[in-house]
Amino acid sequence: MRIGELARRTGVTTRALRYYEEQSLLTAERSDSGQRHYSESAVDRIQLIRQLYAAGLSSKVIAELTTCVIDGKATPELLQRLAAEREHLDRRIADLAHARDRLASVIDGASANVRTGAPCRRDS
C-alpha cells in the first residue's frame, strides 16, 4: 500500500510515517519512481509504535526494543531490556494510579464542600 493509504488506515499523518522511517521504526519498499510502498504488516507495526510512544518511550528505545519484530530474532539482552522497560512502565502505572486516587480524594472533598459548606479536607 502507498503512504497515503497507510496513513488513512492507521490514523497517522504521512509526515509521522516519514519520521518513523527516519528513526528506523518502519521500512518501505520504493517503486522505480521513488514512491513508498508498505506491506500489510505495517498497519500492526504502526499500532505497536503508537502504543509504545503513548507509554512514554522514545523513538530510540522503540527502535531498540522492536528489532525482533523486524528481523524475527530475539537475544537474551533484548529480553532483559524488554523486561526492564516493562518494569519501568509498571512503576509509572503505579504512580499514575496513586495520583488518580489522590485526585479522587480532592474531588470528594470539593464535592462535600459544595454540598455542605464544610471545608475541603487537607490530605497529606
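Q: What share of contacts in the protein chain between residues at least 6 apart in sequence joins residues at least 24 apart?
A: The share is 44%, where contact means heavy atoms within 4.5 Å. The model is predicted: local features need pLDDT of at least 70 and side-chain atom pairs pLDDT 80 or more, while totals for chains, interfaces and linings use all residues. Residues are numbered from 1 along each chain as its sequence is written, and side-chain values use heavy atoms, without hydrogens and water.

Q: Why is Arg9 placed in its accessibility class?
A: Arg9 counts as partly exposed because its relative accessibility is 40%.

Q: What makes Arg9 and Glu40 a salt bridge?
A: Their side chains meet at 2.4 Å, N to O. The criterion is a side-chain nitrogen of Lys or Arg within 4 Å of a carboxyl oxygen of Asp or Glu, so the pair qualifies. Arg9 lies in helix α1 and Glu40 in the loop between β2 and α3, 31 residues apart.

Q: How do you know that Arg100 and Asp101 form a salt bridge?
A: The distance between the side chains of Arg100 and Asp101 is 3.4 Å, N to O. Arg100 counts as exposed because its relative accessibility is 54%, whereas Asp101, at 45%, is partly exposed.

Key. Helix = DSSP H or I, 4+ residues; strand = E, 2+ residues; numbered from the N terminus. Buried < 20%, exposed > 50% of the residue type's maximum accessible area, 1.4 Å probe, protein only.
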